[in-house]
Amino acid sequence: MTTITLTFDNGPDPDVTPHVLDTLRRHDLRSTFFVLGEKMRERRYLTERAHAEGHWIGNHTYNHMLPLGMSTEQGFAIAEIERTEELIGELAHPRRFFRPFGGGGALNRILLNREAFNHLCKNAYTCVLWNVVAEDWVRPETWIDRALELSFAQQHALVVLHDLPTGAMRGLDRFISVAKDRGAVFRQEFPDNCIPMERGQPGDFMESYVS
Ligand SMILES: [Zn+2]
């Protein structure tokens, strides 16, 4: 049996996030929203709504301009993380979820630099990666088939989607319905093998994401 965990990155968005929340509510599903500080600053009410409806809120950097592993500027990574965490404030999950980003969802050393790694350790963050990249932002019409295929190839799929205005989230309802019809069970909790650091404690595979 396949278990699926849904996550939504790069929001909130004034049109798409409410639609995603409505869809999840209809299916009685909880997920995690990895927000950008820059967007949340203007529209905190959307993240407050997500939190109030039982979704978890995670940090996905302030402006998502440069993967933290590619930055050599001192203080850059800490600012990207902390400016966002401050805006999230009391909406943060007690495990302090942080999701780094790379190029097109690849899992490698560009995710974090040493400064980011040390900061996440020291401040007891939980690092949340993924094992299914739906590529909804490049294939807004056809991501569903790809996401279904990749999800059912996993025991526990952790799917990255985006509450961005690409049109892709119009297909969210269909993705959930088809996955349920095929026997998938949805859970909010992440699979262990996508958590390289739990509350500041790095696991064995954490080093492969730090440059
Ligand atoms: Zn992202």
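What is the relative accessibility of His-64, and what does His-64 count as?

Modeller: His-64 has 23% relative accessibility and counts as partly exposed. Here buried means under 20% relative accessible area, exposed means over 50%, and partly exposed is in between, using a 1.4 Å probe and protein chains only. A word on the model before going on: it is predicted, with local features needing pLDDT of at least 70 and side-chain atom pairs counting only at pLDDT 80 or more, while totals for chains, interfaces and linings use all residues. Residues are numbered from 1 along each chain as its sequence is written, and side-chain values use heavy atoms, with hydrogens and water left out.

Now the zinc ion itself. Its donors are OD1 of Asn-10, NE2 of His-60 and NE2 of His-64, at 2.1 to 2.3 Å. A donor is an N, O or S atom within 2.8 Å of the metal (3.2 Å for Na, K and Ca), and as water is not among the atoms, sites may look incomplete. Along the sequence, the donor residues follow the spacing N-x49-H-x3-H.

Next, have a look at strand E3, residues 56-59. (Strands are DSSP runs of E with at least two residues, helices are runs of H or I with at least four, and both are numbered from the N terminus.) Both faces of E3 are covered: Trp-56 and Gly-58 are buried on one side, Ile-57 and Asn-59 on the other. E3 pairs with strand E2 (residues 32-35) in the parallel sense, over 4 bridges; a pair needs at least two DSSP bridges between the strands. Across that pairing, Phe-33 stands opposite Ile-57.

Asn-59 also leads us to Glu-85, which touches Asn-59, Ala-92, Arg-96 and Tyr-125, leaving out residues up to four places away in sequence. Contact here means heavy atoms within 4.5 Å. Glu-85 sits in helix H4, residues 76-88, and is buried with a relative accessible area of 8%.

Helix H3, residues 44-52, is another piece to follow, with Leu-46, Thr-47 and Ala-50 buried. Seen down the axis of H3, these buried residues fall within an arc of 95°, so they line one face of the helix; the arc is that of the directions from the helix axis to the C-beta atoms. They pack against helix H1 (16-26), E2, helix H2 (37-42) and E3. Just after H3, Gly-54 takes a positive phi of about 95°.

Phe-175 touches residues including Ile-4, Leu-6 and Trp-143.
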